[in-house]
Amino acid sequence: MAHRKVYLAVGRTNTWIYRFDPVDGDTRAVDGVPAYRPGYTAMGAQYRGEDREPLLYAASGNRLITIDVAAGTLRDDVVDGLPDGRKWYDGDTSTDGKTLLVVGGPEEPSYSIDVVAKKAVPGNRPGSGRWDDFAHHPKDGRLFSVEGDNGDLLVIDPTRNPMKTVLKRRVFHPAEASPSAGSRKSYSATFFDADGQFYALDSAGNVNHLDLTGESVPDHAKRIGGARIAIGDLEVVNGAGRITPLPVKPSYDETAVTKTFRSAWDSYDPQGKVYSFRLILKAVSKDGSKAEEVRRFRISFDLPTTTGTKVDASGVDIIYQDGKAYVDAKADQLLPAGQERPVDVQITMLGDPYELPHEYPLAGLKATRLT
């Protein structure tokens, strides 16, 4: 099972859950889920159906952390057989979501945690290196990870002792640390899409991609976009989930965009409301520090994926998926560095016009430079 977004554990202490969109790099703290002050890592996801958010499991000392992102709850339970005082790094759940495999120090045993019974069984030691997350390949079930110090691609076999094997050397850039105190230079969040495309985020939030859909392994991974994901000075410490294949090429090279609400009117066939906006795209970075020409762009914003909801605009392709709209330029539309251009859009929302808001909020509005 797979969803369009994955989850990141951010912050080594006071750990927060963030939801990450691999298409445009949109990264936001999940509303309602509190921070966990002691911190946790070694996270995995248990999917509960196509239309439901997964349960997330993680380890902190001798405790199992259970996060329900839909309900906004977080609880911890002592795990029988899991030693306290250990630092955990890698984690992933079994296919059925009932077991969380966690790994700590290189010469210490791994542990398989029964997430229902809250009992842990020791296993083989992981082996040397700075690798902080692993993920199951959707086709062959193997666990893949990335060595932070040199970018080696690793295969992790829990039946081996040690578990680590180097599959190919220096496939990724060496990992970067975040500005937070004590941050590790590690690839701390890894995940696959349902076809076998592999993604790896380092502690600083750089996102990398490697095509593992075939039998051969490419020599080098590709870094996505021109920027890190937006987590400020915090550290990515782990990740969990599996995504559906991306509908468009990802980019995180964020550029400036502003909105002007123009008008709204009722519609009656079907019943609802139409909102008119003028979006102003400017060929500068979001913070205004760098001016760079834009030839092709993407504008994205939150939009419920319900029947009849739509966006109308000229000269663009529009994709709706998992609560977002992606508005992509159809062809090169040169915008010189520092210059602005308008993009007029109309958003149709169905429902009782008297109950719909006067102005659609256009939450999550952002623009990224494609070329």
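Guide: R19 has R28 in β3 as its bridge partner. This is a predicted model, in which local features need pLDDT of at least 70 and side-chain atom pairs count only at pLDDT 80 or more, while totals for chains, interfaces and linings use all residues. Residues are numbered from 1 along each chain as its sequence is written, and side-chain values use heavy atoms, with hydrogens and water left out.

Visitor: What counts as a strand, and what counts as a pair of strands?

Guide: Strands (E, at least two residues) and helices (H or I, at least four) are DSSP runs numbered from the N terminus. Two strands pair if DSSP finds at least two bridges between them. Here β2 (residues 16-20) pairs with β3 over 3 bridges, in the antiparallel sense.

Visitor: Which order do the strands take in the open sheet that contains β2 and β3?

Guide: The order is β3-β2-β1-β20, 4 strands with antiparallel pairing. β3 (27-29) and β20 are the edge strands, each pairing on one side only. On average, neighbouring strands of this sheet are turned by 30° against each other, direction ignored. For such angles, axes are lines fitted to C-alpha atoms, for helices over the stretch in contact, and angles run from 0 to 180 degrees between N-to-C directions.

Visitor: Is I231 buried or exposed?

Guide: Buried means under 20% relative accessible area, exposed over 50%, and partly exposed in between (1.4 Å probe, protein chains only). I231 counts as buried because its relative accessibility is 5%. I231 sits in the loop between β19 (222-223) and β20 (236-240).

Visitor: Which residues is I231 in contact with, leaving aside its neighbours within four places in sequence?

Guide: Contact means heavy atoms within 4.5 Å. With those neighbours left aside, I231 is in contact with V10, Y18, T27, S203, A204 and V236. T27 is 204 residues from I231 along the chain, and their C-alpha atoms are separated by 7.3 Å.

Visitor: Where is S183 found?

Guide: The loop between β15 (164-168) and β16 (187-192) holds S183. S183 counts as buried, because its relative accessibility is 15%. Sequence neighbours within four places aside, S183 is in contact with A177, S178, S203 and E235. A polar contact is a pair of N or O atoms within 3.5 Å; within protein, one must be able to donate a hydrogen and the other to accept it, and residues adjacent in sequence count only if both atoms are side-chain atoms. In this case a polar atom of the S183 side chain lies 3.0 Å from the backbone nitrogen of S178.

Visitor: What does the side chain of Q46 reach?

Guide: The Q46 side chain reaches the backbone oxygen of G97, at 2.9 Å. Q46 belongs to strand β4 (residues 41-46) and is buried, with a relative accessible area of 15%. Apart from neighbours within four places in sequence, its contacts include D96, G97, K98 and V115.

Visitor: How many strands form the open sheet with β8 in it?

Guide: That sheet has 4 strands, in the order β8-β9-β10-β11, with antiparallel pairing. Its edge strands, each pairing on one side only, are β8 (90-93) and β11 (119-122). β8 is joined to β9 (residues 99-103) by 4 bridges, and G91 stands opposite V102 in β9. Strand β10 (residues 111-114) pairs with β11 over 4 bridges, where I113 has A120 as its bridge partner. The hairpin of β10 and β11 has 4 residues between the strands, and K118 there takes a positive phi near 60°.
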